[in-house]
Amino acid sequence: MELLSEKLKSLRKEKGCSQEKLAQYLRVSFQAVSKWENGNACPDISLLPGIARFFGITVDELLQVEKIDEKQRYEEYSRKGEELFRNGMRDEELALWLEAYKEMPNNVEVKEMLMSSYYDTDRIQYQNEIIELGTELYNSDVPSYYKGKAIREIATTYAAIGKMDMAQKWAAKSYPIHVAQDFLFAEIDSGKELLFDASFCSYWCFNKLAYMAMRIDGDNEVPIDARQKQAIYLTVARLYGVLYPNDDMSFDSLKLLYLMYRRAAELETKLDPDEAVLRSLLERAFSCVEKSLTVKEHDLTHPLLDGWHVTAAPSDNTQWVRMMRSDLGDACFDRYRTAPWFVSIQEKLAVLL
């Protein structure tokens with residue numbers, strides 16, 4: 001790459017003008033221009049736009065900075081990152097987004113993905129990075145989506161480290177559900193746009209319902225017993241059955257459905273267990289992990305999910321099978337370990353692997 005001095009000299013000769021003319025345009029001395037071209041000094045940064053304008057080029061062209069097609073580069077990183085995420089390779093995904101951030105430090109999408117990668121990898125370990133990036137996004141002039149992601153991940157990170165006052169402070173920056181952007185668009189759009197709004201809201205509402213069930217179950221201060229917690233899981237699972245006939249859902253949604261049935265089974269063992277009920281719950285859980293192996297790329301057709309795109313199972317499609325095999329080793333299932341139906345489930349899992 002040519003030095004700036006050489007670039008200035010060649011541009012001036014191409015234009016057929018003197019050092020004095022350039023100096024007059026920039027309101028500097030011709031001696032200053034001479035020093036720039038001799039490599040004895042560099043123009044002040046504030047003069048670069050004027051120099052570029054004089055020669056009819058951009059500042060990047062003047063400085064000979066190679067332009068990066070950030071949109072294309074981001075999409076390349078995004079494809080790689082999605083594959084790593086779906087295969088459970090969190091550390092590798094984080095390294096990828098750190099590399100992207102080094103290359104494109106001002107790209108909003110890269111910042112958001114790096115923040116989320118820190119969050120998904122270990123929000124306790126990377127609490128400072130999440131809060132710093134999230135605060136930067138929230139305080140910048142970016143679309144509301146990025147501000148919303150920042151609020152969520154900062155608030156839940158503060159909650160995870162026990163700083164509830166800060167968690168509530170950040171959560172309060174968001175909007176109530178009944179005036180949320182996605183619901184508002186569903187109120188004002190029509191036609192295909194309305195169907196898209198409905199599918200977006202349906203997918204995420206059901207996703208959040210599953211996680212809310214898990215939060216209620218995991219909160220020891222919630223004043224309900226194991227039977228009521230089980231009823232919550234089974235209610236949400238049945239709703240999934242209405243929205244996704246024949247379990248026609250994504251690889252990750254099948255994981256959520258599996259987790260709900262598996263946890264319902266665990267809760268059954270803590271009550272006055274009915275072996276027939278326990279068996280049906282675990283067999284239903286098995287059907288979820290079995291179906292996760294064969295998820296194909298397609299669009300859903302249910303009216304509330306019209307056009308929602310489902311991606312194919314990742315290359316490591318046995319993740320949930322391995323999870324269930326490990327989960328069945330829990331002590332709560334010890335008394336059923338020799339039951340023919342329990343042995344049958346374990347054998348089927350082994351075959352799938």
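This is a predicted model: local features need pLDDT of at least 70, side-chain atom pairs count only at pLDDT 80 or more; totals for chains, interfaces and linings use all residues.
1. Residues are numbered from 1 along each chain as its sequence is written, and side-chain values use heavy atoms, with hydrogens and water left out.

2. Overall dimensions. Along the principal axes, the C-alpha atoms fill a box of roughly 95 × 45 × 45 Å.

3. Burial and surface. Of the 353 residues, 39% are buried (buried is under 20% relative accessible area, exposed over 50%, partly exposed in between, with a 1.4 Å probe and protein chains only). The chain exposes about 20100 Å², and carbon and sulfur atoms supply 53% of this area (Shrake-Rupley method, 1.4 Å probe; for residues, only the protein chains shown count as cover).

4. Cysteines. The count of disulfides is zero, a disulfide being a pair of cysteine sulfur atoms within 2.5 Å. The sulfur of cysteine 201 has its closest cysteine sulfur in cysteine 205, 5.7 Å away, which is too far for a bond. Cysteine 201 is buried at 10% relative accessible area, whereas cysteine 205 is partly exposed at 31%.

5. Serine 199. This residue is found in helix α13 (residues 191-218) and is buried, with 1% relative accessibility. Setting aside neighbours within four places in sequence, serine 199 is in contact with Leu304, Leu305, Asp306 and Trp308 (contact means heavy atoms within 4.5 Å).

6. Alanine 312. The loop between β2 (309-310) and α17 (319-327) holds alanine 312, which is partly exposed at 30% relative accessibility. Not counting residues up to four places away in sequence, alanine 312 touches Arg86, Val295, Lys296 and Glu297. Alanine 312 and leucine 254 are 58 residues apart in sequence, with their C-alpha atoms 12 Å apart.

7. Contact range. Among contacts between residues at least 6 apart in sequence, 58% join residues at least 24 apart.

Terms used
Helices (H or I, at least four residues) and strands (E, at least two) are DSSP runs, numbered from the N terminus.
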